[in-house]
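Please look at the sequence and the structure first, and then try each task before reading its solution.

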Amino acid sequence: MALLPILQYPDERLHRVARPVTAVDDELRQLIKDMAETMYAAPGIGLAATQVDVLLRVIIVDSSPGHDQLMTFINPEIIKRSGVSDFEEGCLSVPGIYEKVPRAERITVRALDAGGQSFDLDADGLLAVCIQHEMDHLDGKVFVDYLSRLKQQRIAEKLRKQRRRTM
Ligand code: NI
């Protein structure tokens, strides 16, 4: 197990598109374990492989109150969506920033699990929002990309200042 460094906005590498996983093997399962350790340590409720500089379509989510229900989605696809919700979102790559983003309220997602088996999951509420947020990362999209250009510039500047202070 290993903690992986999380790319920090506005790192250009967060804007790359991840490629589909072609083999669910031990190497991939090790990545998922390391991602889980990294997410729980942060702590966060979701993480995409893009955020740890791995360009594979893998996300993990655990929005359970006890932080004990890890869900893995490999090559996830949303096959149904309905409704509108606007939760305030945060992101491990954009620390300390919380903004509302328009999302579907209910989704059905199809993916492979860590055993390589296909499954469909109906999700709503926080879980649905979290899955959509993490899936965006796989397409090179960070939640602040939904905000106005001015707001994005302010956030990038604020994060740069924060980082200078902590170095
Ligand atoms: Ni994120």
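Helices (H or I, at least four residues) and strands (E, at least two) are DSSP runs, numbered from the N terminus. The model is predicted, so to speak of local features requires pLDDT of at least 70, side-chain atom pairs count only at pLDDT 80 or more, and totals for chains, interfaces and linings use all residues. Residues are numbered from 1 along each chain as its sequence is written, and side-chain values use heavy atoms, with hydrogens and water left out.

**Exercise 1.** Find where proline 43 lies, and state which residue a cis peptide bond joins to proline 43.

Solution. Begin with the place: proline 43 belongs to the loop between H1 and strand S1 (46-48). Then turn to the bond, which is cis and links alanine 42 with proline 43, with omega at about -5°.

**Exercise 2.** Find the residue that a cis peptide bond joins to proline 10, and locate proline 10.

Solution. The partner is tyrosine 9, and omega of this cis bond is about 5°. As for the location, proline 10 sits in the segment before helix H1 (26-41).

**Exercise 3.** Is asparagine 75 buried, partly exposed or exposed?

Solution. First recall the cut-offs: buried means under 20% relative accessible area, exposed over 50%, and partly exposed in between (1.4 Å probe, protein chains only). Because its relative accessible area is 21%, asparagine 75 is partly exposed. Asparagine 75 lies in strand S3 (residues 71-82), and although it is not a glycine, asparagine 75 has a positive phi of about 50°.
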